[in-house]
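Here are my notes on this model. Keep the sequence and the 3D view open as you read.

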Amino acid sequence: MSNSNSKYIAIILIPIILVLGYFLLFSNNQNEGIDSKSAIIEEENIISVKKDPVVDVNRAEPVVEPEVIVPEPVVEPEPEPVVEPVVEPEPEPEPVVEPEVIEIQILEGKVEIIIENTEFIPNEIIIRVGTIVTWINKDNSDPLYPEHTVSIDILEINSPEIIFGGGSNEEWSHTFVEIGEFSYHCTIHPWMTGKVIVVD
């Protein structure tokens, strides 16, 4: 190749090489600027995120539940206890005491009354009209006065002394022929009394 051709090629290649070099250098600087700018922007974003959080506008605001007011429990007044009236048991009726039935014995014929221990035994009798009553002295309780009498006041009858162990004088009899009550006593021992009731 001739020198003129090589000069010519050099003249052509040098500017091309310079343009390419410049272009490469310029594009590299731009990339570095972009990278530095991106880094700065990212750093600012990080700082801004730290300072002011990004608010998501699409996120719904939290729903604030209304405050539920719980009413105070109503205290019902306790009812007063019902006092049951005390029912006293009815008193048991007193047992009916049947009156003692005393059989009245009406004597007739011949009736005896014994004198003993300063008493007329029995001291009261009921007889029918026409009955004979005999008093018999079997009393030796009073050795000083062993005799007794029968004095029927309403009839004004006084027996003789009825003597203890006196044989026929040991007893005395009277027949009642009138209806009524006839009280009698001993004149020697006035506290000794008796009664004869005469019925039809």
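Which residues make a nonpolar surface patch of about 520 Å²? The first point takes that up.

1. **The patch.** Ile9, Ile12, Leu13, Ile16, Ile17 and Leu20 make this nonpolar surface patch. Patch residues have over 30% relative accessible area and no salt bridge; nonpolar side chains (Val, Leu, Ile, Met, Phe, Trp, Tyr) are joined within 5 Å, like charges within 9 Å. Ile12 sits in helix H1 (residues 3–51). Its relative accessible area is 36%, so Ile12 is partly exposed. Here buried means under 20% relative accessible area, exposed means over 50%, and partly exposed is in between (1.4 Å probe, protein chains only).

2. **What you are looking at.** This is a predicted model: local features need pLDDT of at least 70, side-chain atom pairs count only at pLDDT 80 or more, and totals for chains, interfaces and linings use all residues. Residues are numbered from 1 along each chain as its sequence is written, and side-chain values use heavy atoms, with hydrogens and water left out.

3. **Overall build.** The protein has 1 helix and 10 strands. Along the sequence the pattern reads α-β-β-β-β-β-β-β-β-β-β. Helices (H or I, at least four residues) and strands (E, at least two) are DSSP runs, numbered from the N terminus. Of the 200 residues, 18% count as buried. The protein exposes about 16,800 Å², and carbon and sulfur atoms supply 59% of that area. Accessible areas come from the Shrake-Rupley method with a 1.4 Å probe; for residues, only the protein chains shown count as cover.

4. **The core.** The largest nonpolar core has 19 residues. Such a core is a set of buried Ala, Val, Leu, Ile, Met, Phe, Trp, Tyr and Cys residues joined through side-chain atoms within 4.5 Å. Phe120, Ile127, Trp135, Val150, Phe176, Tyr184 and Val196 touch the most other members. Strands E2 (110–116), E4 (124–128), E5 (132–137), E9 and E10 (193–199) each supply at least two residues of this core. E2 gives the most, with 3 residues.

5. **Aromatic pairs.** How many aromatic pairs does the structure hold? There are 4. Rings of Phe, Tyr and Trp (its six-membered ring) pair if their centres lie within 6.5 Å; planes under 30 degrees apart count as stacked, over 60 as edge-to-face and the rest as tilted. Phe120 and Tyr184 have ring centres 5.0 Å apart and planes at 75°, so this pair is edge-to-face. The pair links distant parts of the chain: Phe120 is in strand E3 (residues 119–121) and Tyr184 in strand E9 (residues 180–185), 64 residues apart. Both are buried. Ring pairs also link Phe120, Trp135, Trp172 and Tyr184 into a cluster.

6. **Phe176 and Phe182.** These two form a tilted aromatic pair, 5.6 Å centre to centre with 45° between the planes. Phe176 is buried at 2% relative accessibility. Phe182 is buried too, at 4%. Leaving out residues up to four places away in sequence, Phe176 touches, among others, Ile127, Trp135, Leu155, Phe182 and Val196. Contact means heavy atoms within 4.5 Å.

7. **The salt bridge.** A search of the whole structure finds 1 salt bridge. The term means a side-chain nitrogen of Lys or Arg within 4 Å of a carboxyl oxygen of Asp or Glu. Here the side chains of Glu181 and Lys195 meet (3.5 Å, N to O). Glu181 lies in strand E9 and Lys195 in strand E10, so the pair ties together parts that are 14 residues apart in sequence. Lys195 is partly exposed, at 24% relative accessibility.

8. **Backbone points to check.** Most residues other than glycine have a negative phi, and most peptide bonds are trans. Now look at the Ile121 to Pro122 bond: this one is cis, with omega near -10°. Pro122 lies in the loop between E3 and E4. Asn117 is not a glycine, yet has a positive phi of about 55°. Asn117 is in the loop between E2 and E3. Glu156 also has a positive phi of about 55° without being a glycine. Glu156 is in the loop between strand E6 (151–152) and strand E7 (157–158). With a relative accessible area of 72%, Glu156 is exposed.
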